[in-house]
Amino acid sequence: MKRIRFDLSLLFVFGFCMSFSTVCSDLVISKLDRRIDLTSQLVRTTVSLKVENNGVDSVSEILLPFPEHQARNLAFLSAMISEGKDKTKSSSGSLPIEATNPKGKPPSLTWYSVSLPKELSKGGSLTLEVKAVFTHVLRPFPEKISQADVQLVAFQDSAHYLSPYTVKVQSLTIKLPEPRVESYTKLENTKFSGTEIKYGPYENLPPFSYTPIVVHYVGNKPFAVAQELVREIEISHWGNVQITENYNLVHAGAEITGEFSRLDYQARPHVRGASAFRNLVAKLPPRAHSIYYRDEIGNISTSNVWSDSAKTLLEIEPRYPMFGGWRTSFTIGYGLPLKDFVFQSEGKRFLNISFGCPMSDVVIENLIVKIVLPEGSKEISVSVPFPVKQSQETKFSHLDMVGRPVIVLEKKNVVPEHNQYIQVYYRFCNLSLLWEPLMLIFGFFLFFVACIVYMHADFTISKSSPSYVAKLQWDEVQTAIQQFQNIMNRCLVVHDKLEASLRELSRNGNVQACKAARKAADSLLKELSKELKPILSFLQSSPQAVQIMPKVEELVSKERELQEKLMLKHSTVVDSYEKKSGGRDIENRVAAVQQKITLLRQEVDEILEVIDEI
Amino acid sequence: MAQSVKPISSPVPDSWYPTLAVFMLAIGLIVTASFFIYEATSSRKNRSLAKELTTGAVASVFLGFGSLFLLLSSGVYV
């Protein structure tokens, strides 16, 4: 079997470091416990250091060195002071960490310094807990496997903690995903039990001790790496936060060689395709709605959603099982209620949303988060708990005039530990919400105006053609008839008013009011007949109104008759009231007239309808 | 965070969008219909521009808000 080559450069670093061991400060690590978790494609190391100050001066920072190959792949680093014993951790938030380049230290290492909240005075001690996550440190070995093979992974590190300080007692525990190991470096005090390999305890090691170890083990966990993930978060103040995520996914484990048999895979997926992954689970916020999962071709139907009050789980299955080296790209999108993520504080609004990808076992090589704020947002500021590249652009979306401001955050090597909340602060006036409906309204109004213009404009080319002239004349006739109808209708309204005044009279016997109504009606009718005259004469003179003229004239005469009868009835009734005749007496006197009126009214209405239809 | 932080919600509850869309579009279309009936039936001289414009304005207000709520209720959050 092939041997795994040690990284020669590591040995060089080790030797190089030894020569610098004298420059270290008076800090001593009295107890160090290191745990490396290899159960996923990430390497998660947790180091708890008990630091003592044996020197004279107070110390305010602790140095953490990383060898070059690790520093390159360091995705996440945090340090906190843990107080209390063992499991009862009462951590006080993570401490500020910054990259430094201390003088007199080997430059082949990458240095980070942890600033302590208060200086460590002489003789004092504290327990520091350092968490680091590395991506792409695990190397599949062999690099190509067939469908039936298990995936073997090699991991290199040092059995001794690389530190500029003397370490009194230290131990290392490596946790594996399965209790199957191909080989591992055996040093003194090495123990392998279950899924754990233990190195140590080692005592009184000088600074920069470095003893390379290699663990070659079975790691069938999916190596799902998103080479690029673009998350677009679009805020709409009409009640929605829309999230769209574009994944460009690859299985970064051992590449598959030879042929792929779907039949074998279906029959025994755990043996014939142990390193492949079939599905991914995204943990979305609660009350996510309108969830979709698609790619360039269209909808991908193999997905499932479960939701409860705390979360929404979305299980997506790519179109094919993902074997080593295979790629896929897809898009998921969902809407979230606005009130869960956007808040108002001191006149400013802010979006509070998690930064990373909702899938817990995906590593993202290049994450781009675009936050699309509503049009008209001002004074935008972003607060992110870790360094990111930030830029701003404009996006045009539905019903936009000047475009929406977009905050673009870019970060490389994103791991689930980066799923922390970020805040985007901005100012937005609620009245700006009305821009969109106003634009729609304006659009519709323009349409109506266009219709009006079209109806008013005259597009005839030849203004002297006989058909055009005829049309003009017909238009005039139509206008006259409409005016005529209008006057007739007004006459009828006056008639109705007179009738109403009579009814009023029979109720309260107020003769004066009735007379006044009569007077008003008289003058109105007179005016109307005056208005009618020119229209009638025009209609008589117009040749195109010949057909309709008889009806018009009939209507005029009927109306006049109706008017006379009505006046007669009115004066009779009023007279009778003045003479204080009995109710029955009046009715008898008017009966004949009334009959006539009803008849005439019916006829008038009929003729009006006939004219209306022409 | 301070106590002054309060969540922001939409000016109109989300669940009203479909109803609002239906009613406002219905009213808008009725007014539009009356606009076109008026345009088609009244002769050129008798038409009053003010009446046409007001009918058009009322119709476009209802159609504008109606189509906005239609967009919102169908998931296009503008």
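**Figure 1. Contact between chain A and chain B in the predicted model.** The contact, defined by heavy atoms within 4.5 Å, takes 42 residues from chain A and 41 residues from chain B. About 3,600 Å² is buried between chain A and chain B, and carbon and sulfur atoms give 68% of this area; buried area is the accessible area (1.4 Å probe) that two parts lose on being put together, summed over both. Trp238(A), Phe448(A) and Met455(A) are the residues of chain A that lose the most area to chain B, together 20% of what that side buries. This is a predicted model, in which local features need pLDDT of at least 70 and side-chain atom pairs count only at pLDDT 80 or more, whereas totals for chains, interfaces and linings use all residues. Residues are numbered from 1 along each chain as its sequence is written, chains are lettered from A and ligands numbered from 1 in the order in which they are written, and side-chain values use heavy atoms, with hydrogens and water left out.

**Figure 2. Strand pairing around E24(A).** Strands (E, at least two residues) and helices (H or I, at least four) are DSSP runs numbered from the N terminus, and two strands pair if DSSP finds at least two bridges between them. Strand E24 (residues 342-345) of chain A pairs with strand E25 (residues 348-354) of chain A in the antiparallel sense over 4 bridges, and Val342(A) has Leu351(A) as its bridge partner. The two strands form a hairpin with 2 residues between them, and Glu346(A) in the turn has a positive phi of about 50°. E24(A) also pairs with strand E1 (residues 6-7) of chain B, in the antiparallel sense over 2 bridges; here Pro7(B) is the bridge partner of Phe343(A).

Figure 3. Most residues other than glycine have a negative phi, and most peptide bonds are trans. A cis peptide bond, with omega about 5°, joins Gly200(A) and Pro201(A), and Pro201(A) is found in strand E14 (residues 196-205). Phe208(A), in the loop between E14 and strand E15 (212-218) of chain A, has a positive phi of about 60°. A cis peptide bond also joins Phe141(A) and Pro142(A), with omega about 5°; Pro142(A) lies in the loop between strand E8 (139-140) and strand E9 (144-145) of chain A.

**Figure 4. Helix H8(A) and the residue Lys580(A).** Helix H8 (residues 549-578) of chain A has 30 residues and reaches 43 Å from its first C-alpha to its last, close to the expected 44 Å, a span taken as 1.5 Å times one less than the number of residues. Lys580(A), which follows H8(A), has a positive phi near 60°.
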